[in-house]
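Reader: I am new to reading protein models. Could you walk me through this one, step by step?

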Amino acid sequence: MNVIIATVLVLVMLVAAIAALIFKDLLNAVIASSVVSLIAAVIFYLLQAPDVAMAEAAIGAALVTAIFIIAIRRTKRFEE
Amino acid sequence: MRRIIAIALLAIIVMGISLAVREIPFGKTDTKVGEYYLNEGREETGAANIVTSVVVNYRGFDTLGEIAVLFTAAIGLGAVFGSRKKRKVAEEVEKSSLIVYTGCRFLFPVILLVGAYIFIYGHLTPGGGFQGGAVVASAFLLMYLTCRGKRVRDKSNKVVESLGGLIFVGMGLVGLVIGKGFLFNFLPKGEFLTLFSAGIIPIIYIAIGFKVGAELAGVLDNLIEESK
């Protein structure tokens with residue numbers, strides 16, 4: 001059961017990572033990369049590393065996303 | 001031509017990494033030091049969370065280095081953004097709606113409490129200074145996004161940050177004077193699995209929590225101030 005959940009999560013993570021590369025709208029790309037972080041946190045938790053999971057969820061999914069969005073606000077939203 | 005070279009280089013790198021990774025025995029404890037920490041860590045440091053005992057006690061000096069890296073990054077950002085004249089933003093921006101504002105005021109102390117719990121209980125439950133500090137900073141992020149116009153006071157932020165660093169280094173130096181070396185655990189270990197146990201570990205982790213929280217909140221403050 002755990003293996004199935006982990007496999008699905010890793011596949012979603014891969015899709016989100018590729019989407020973050022492809023999207024021309026940088027706001028969408030940032031959200032996709034925060035999905036990668038969030039799923040990474042869940043996988044860390046499944047692998048019994050709650051300390052790392054906490055750090056990944058708080059920093060990767062929350063703070064880094066916010067900082068990227070602030071940076072996008074100051075620059076351009078769309079990639080040529 | 002360039003593309004062919006790039007693909008060839010990529011193939012070489014992939015081969016090298018896969019050859020190296022294949023040799024690593026994942027999931028086995030072949031290293032002596034890891035086994036030692038797992039078996040003796042609880043007795044030796046008195047902390048139930050072995051990750052914490054490694055981060056703060058066995059590898060405490062490395063943690064000081066990590067703190068220094070974060071400190072340098074925050075100072076660099078402050079030097080780039082903080083030197084410009086701070087604009088008054090409170091009047092210009094649109095006020096957030098009543099529901100959002102009330103929700104933020106309700107959630108802000110709760111998130112702060114969760115962050116404080118994570119770093120105060122770092123030696124008993126998963127988490128610690130870095131994680132708790134990041135959660136505290138995300139509470140400030142929520143405040144910046146909704147309760148606009150409210151700001152962390154620059155001076156108190158810097159005081160908290162400096163005090164956190166000073167307590168960490170001070171505890172290490174006291175250990176150097178009293179005991180065997182820098183960050184020596186000189187306080188009594190106390191009763192296992194209680195809040196007041198594990199000697200200097202909780203004190204240092206609380207200091208780290210305050211320092212990381214103040215630093216990350218300061219970074220967000222600088223960036224948001226500049227982006228308006």
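This is a predicted model: local features need pLDDT of at least 70, side-chain atom pairs count only at pLDDT 80 or more; totals for chains, interfaces and linings use all residues.

Reader: Does A:Ala62 count as buried, exposed or partly exposed?

Author: Here we count neighbours. A residue is buried when 20 or more other C-beta atoms lie within 10 Å of its own, and exposed when there are 12 or fewer. A:Ala62 has 19 C-beta neighbours inside 10 Å, so A:Ala62 counts as partly exposed. For the chain as a whole, 20% of the 80 residues of chain A count as buried.

Reader: Which residues does A:Ala62 touch, leaving out those up to four places away in sequence?

Author: Contacts can cross from one chain to another. A:Ala62 touches B:Ser138 and B:Leu141. Within its own chain, A:Ala62 lies 25 residues from A:Ser37 in sequence, and their C-alpha atoms are 9.1 Å apart in space.

Reader: How many residues does each chain bring to the contact?

Author: Take the two sides in turn. Chain B brings 17 residues and chain A brings 13 residues. On the chain B side, the elements giving two or more residues are α6 (129-146) and α8 (201-227) of chain B. The largest share, seven residues, comes from α6(B). Sorted by class, that side of chain B holds twelve nonpolar, five polar and no charged residues.

Reader: Why does the length of helix α5 of chain B agree with its number of residues?

Author: Helix α5 of chain B, residues 98-120, has 23 residues; at 1.5 Å a residue they should span 33 Å, and the end C-alpha atoms are 33 Å apart, so the two agree. The axis can still bend: α5(B) has a kink of about 25° at B:Leu107, shortly before the proline B:Pro109. Among the residues of α5(B), B:Cys104, B:Gly115, B:Ile118 and B:Phe119 are buried.

Reader: What pLDDT does chain B average?

Author: Confidence is worth checking for a chain and then for its elements. Chain B averages a pLDDT of 82, and 90% of its residues score at least 70. For the complex, the predictor gives an ipTM of 0.84 and a pTM of 0.82.

Terms used
Residues are numbered from 1 along each chain as its sequence is written. Chains are lettered from A and ligands numbered from 1 in the order in which they are written. Two residues are in contact if their C-beta atoms, placed from the backbone, lie within 7 Å. Helices (H or I, at least four residues) and strands (E, at least two) are DSSP runs, numbered from the N terminus. Ala, Val, Leu, Ile, Met, Phe, Trp, Tyr, Cys and Pro count as nonpolar, Asp, Glu, Lys and Arg as charged, and the others, Gly among them, as polar. The expected span of a helix is 1.5 Å times one less than its number of residues. The bend at a residue is the angle between axes fitted to the seven residues ending there and the seven starting there. pLDDT is the predictor's confidence in each residue, from 0 to 100.
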